[in-house]
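Biologist: Please walk me through this model. I want each label tied to its rule.

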Amino acid sequence: MDSLSINATALIAVPLVGAVLLALLPVSRALAGYLATLVSLAVAGAVAGLVYRFDIGGGEQFATDEAWVADLGIRFHVGIDGLSLAMVAMTALVMACAVGYAAWEGGARTRAYYALLLLLESALLLLFTAQDLIMFYVGFEAMLIPLYFLIGVWGGARRTQATLKFIVYTFVGTLLMLVGMIALALDQEGPITFDIDALSGSTSEWIFATFLVAFAIKSPIWPFHGWLPDAYRQSPPEVAAVLSGLASKAGAYGLLRLVLPIFPEPVAEYRDILLVLAMIGLLYGSLLAFRQPDSRGVIAYSSIGQMGLITLGIFVLNDRGASGAAFQMVNHALLSASLFLLAGWVATQTGSDLFVRLGGLARGRPILATIVLVVGVATLAVPGSSTFASEFLILLGAFEYEVWAGVLASTAIVLAAMYMLRWISALLHDRVGGAVEAGEPPDLVPSGGLLTIVPLVLAVLALSFYPFGVTDRIDADTSRLAEPAAEAAAR
Amino acid sequence: MSTSGYVWASFAAPLVGCVLITLLADRVPRRVAGLVACAAMLVSFVLGVLAFLDLRDRPAEERVVADTIWTWLSAGDFRADVGILFDPLSAVMLLVVSGVGFLIHVYSLGYMHDDAQERRFFAYMNLFVFSMLILVLAGNLVLLLVGWGMVGLSSYLLIGFWHHRPTAVAAAKKAFVMNAVGDVGLAIGTFLIFRELGTVDYREVFAGVPVLSDRGHLDWACGLLLIGALAKSAQIPLHTWLPDAMEGPTPVSALIHAATMVTAGVYLVARMNPLYAESGAISNLIVVIGATGLVMAGLIALFQHDIKRIIAYSTMSQIAYMFMGVGLGAYWAGMYHLVTHAFFKALLFMGAGIVIHALHDQQDIRHMGGLRRFLPRTTILMWIGSLALVGIVPFSGGWSKDAILSSGLEVGGAIGWVAWVAGIVGAFLTGLYSFRLLFLVFYGESSPYAADEAPKHTDHGEGPATMLWPVYALAALATVGGLLQIPGVTHYMTDFLEPITYGTGEMVEPSVAQEYLTTAAAVAAGLLGSVLAFRLWGRRPAVIPERASTGLAVLPERRFLWDELYDAILYRPAAAASNLIRRFVERPFFEAPLDAVGPASRLVARGFGVSQTGVVRLYALVFAVGVGALLLLFMVQA
């Protein structure tokens, strides 16, 4: 039985095989959409099984560790510890909803489109379970290929511009990291290895810089965010959801999983600069989000702010900060995905994403209104929400490190309230907007598109009741990852 | 069932109600939603009473029940539980919240009768009560903060209930943002306490007071928590959201913005009394804020025209009294006034609600007058409420307010006298504005509007039984509530609340002589105000100028310009910063350069494109040259 059980490799393989089959089988677009949804649901089901079987405090589990390119010490090594479990679970859930949404909206989406989405899921799962640096790199880089086509072919009017910015910028970062990785492996004593756990204690500042820049672009950390607004605005809704919900987490995850333990000395050396950048990003994104004219603009800039908060949690280098940052990644993934899908759904119903043309949507649409409200107030981290739980940990960690950091970052909570309440009202309240009047009649029965957001909302609610369910599983790993750098900083 | 079992069940009932209403949605008639909500409240209240009785029958030192159902959040050695602390303080709050809450729910059945959105209303109301119970039953600072934020959320939802009105939406947002400022204060206070003591559990924090004090962090901790208290209780300087919150339906004003949520700040200080008792500076600050606030709010109330806003400023003023009480160290007296205020202020709001209904949603007292002919019972009810508010003994408000003021005498010194004098002045102002309202609304000639509308809406009596009976009940409570503590006669409040200091000290208790002396002075001041109100507004047809606008009267009429101040120092700078960053940073430095990436890379591509001639011979030539060069290179190296 045990040998038949799902492990990390199977998890990565399922969407990959699904992608290949979809690309080859001559099925209709609609059927392709359903099949892709089924595949992503199967992954989600498998992950649910892993969550159930996961042994808390048991370290790396469900692992595969085989030699791949033996001469170069590259191994196919994937496995799942508590942190990976959280990342994998959020990936499976968000992807299932995103693929479901794509299948619902249909339109120009072809078989290739769904195949690319599944390919993207496979890459993400590889990245979040990789225990070998090269595996991580393959996942990190493999994400770009589907994204390139998904945005470049199926994006909005300015898609070419957006894709070029995004791909060129991100690609430069990852290439730098590849160079850094090779140098890092050569730097090690003894036989060459890319095993993440074995690569620790590098003091090289330039290698550190290559990793940092790659992840800073991906997350993004201010001032590396230039590619973001266009990419988030021009992507199809579910791609934007995956981009902001999951792909951005690849950057933050890289910081936590790789940068902290591999480069403790440089991290300790430059942490204050990084904290200042994180803080700027937090306030900068939050302030800009407050005046955006459209839903996607608000979500895009709020994401910059949220990633600043996550970065802050990572670099305060203590238990609270690290655990809070990892948990906030999960929360932000669920919520920003919900937000983008909601924005997409509203745009399909009304033909507009501009606030001046929206408003009054709450009337006659109680289900939409409830979803928008729950997602909105959870995003602004109302106390009692899972986001509050994670932000509380981050801010507490920041406060424990430096009082000013905790206090300044806390003001972002007020800013978040300002921009999210504005968003909620712009959609739901006040006068009925022009696009709403012209759009579909009020539908009391929710359409499929809205239903794809429901699982995300339910997950947020569940985590709000029981955030310990996440923190209990990730705590040991986040503490372990932050410890070397914290010790270096203490010296 | 065990005591904690009663408490948990009482706690959960409103949540069950809220979820049930949401899930049933339009599968049941909308009237059912209201009944479900009321039933949930009744269950909650009855179980609350059972829990209270259990607690009351115990000896003082055993009047505390702590219970945890699960761990909510953890990281390293940080841990926050979903755990309750049920002691006399939370018991009093539980009874007020569920009891008064139940009456207001029943009243809402009548008040919201014609509103198509009734389901949503009752779901929110139950959600509010649940949130409030989290706040008062929480056993640690993190769960307190959860309750703190969730009452803010439900308050937001209910203020903005009629969300087609832009004013209601704006008021809801304002209340939320201002309370978010308070939440941040409370959160940072919690961070500080955890950093120093390594715990957020109330009783462990109380035990750690000496540590906080020795390290010089006690005043900071108390001050930070106070920010939360000031925002939630609408005290200076975080008070401007409360009058605007009157945009919500009247039962909401009665429940959230009078009886329960806005008094949470008083509860917080009383809850944290082992900290505040040791922090003289912050306690004195609380007294000063209270003294200033009660006079300021009283003055503003005198110049308002909206019946609900007048009562809202009165609420702010009364809570300021409670703040003085807990600031003086008379935690029981603050709580006592909190209880009686819940009775008489809910009574006043619900009476105002009947008036507003009778006048077809008119709230401007200039369009009222002479309503006693149409609303005789309401007139009597409002008399009772006003007498209790002004503090004319034997009505309840008198006893509880005087308990606070006489504690000022007991404490003595500058701070004690500030409290006492401000309190007496406040009593005079209260008499003035309360009876101004009463006379202008119910006496004199009816305004043309009232003469026209009132007969249309009162031909079937003053309102449905669901609206009248809860108000009767509150009127009865407002009348006899003072029995809880009459100097020299009864002392239920001081006896029951005795253990809430957790052995850290004694609460301030005035002598009987101090109490009666204060009562004499306060009643005299209140009567003086009332008589003056009668002279000014009681006998002639009410004519209020559109705008006072002369001399100093401009200030209270424009609410001492607080709104303008916040607009100028908070909202505008935030909006301006956003615009400036967008224009001078984001666009020139991030958008513009990256927009060049596209054309630049296309240029590079075109450069390479030149070589793509499609002439195979050329490719072969280049290929051959390349291979040749490589071979040459290898040979040279070898």
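**Labels and their rules**

Modeller: In the hairpin of β1(B) and β2(B), two residues lie between the strands, and G76(B) takes a positive phi near 60 degrees. Strands here are DSSP runs (E, at least two residues), helices are H or I runs of at least four, and both are numbered from the N terminus. This is a predicted model: local features need pLDDT of at least 70, side-chain atom pairs count only at pLDDT 80 or more, and totals for chains, interfaces and linings use all residues. Residues are numbered from 1 along each chain as written, and chains are lettered from A and ligands numbered from 1 in the order written.

Biologist: How do you know that β1(B) joins β2(B)?

Modeller: Strands pair if DSSP finds at least two bridges between them. Nine bridges join β1 (residues 65–75) of chain B to β2(B), and the two run antiparallel. So by that definition they pair. L73(B) stands opposite A80(B).

Biologist: Why is β2(B) called largely enclosed?

Modeller: Buried means 20 or more other C-beta atoms within 10 Å of the residue's own; exposed means 12 or fewer, partly exposed in between, with C-beta atoms placed from the backbone. Eight of the nine residues of β2 (residues 78–86) of chain B are buried, so the rest of the structure largely encloses the strand.
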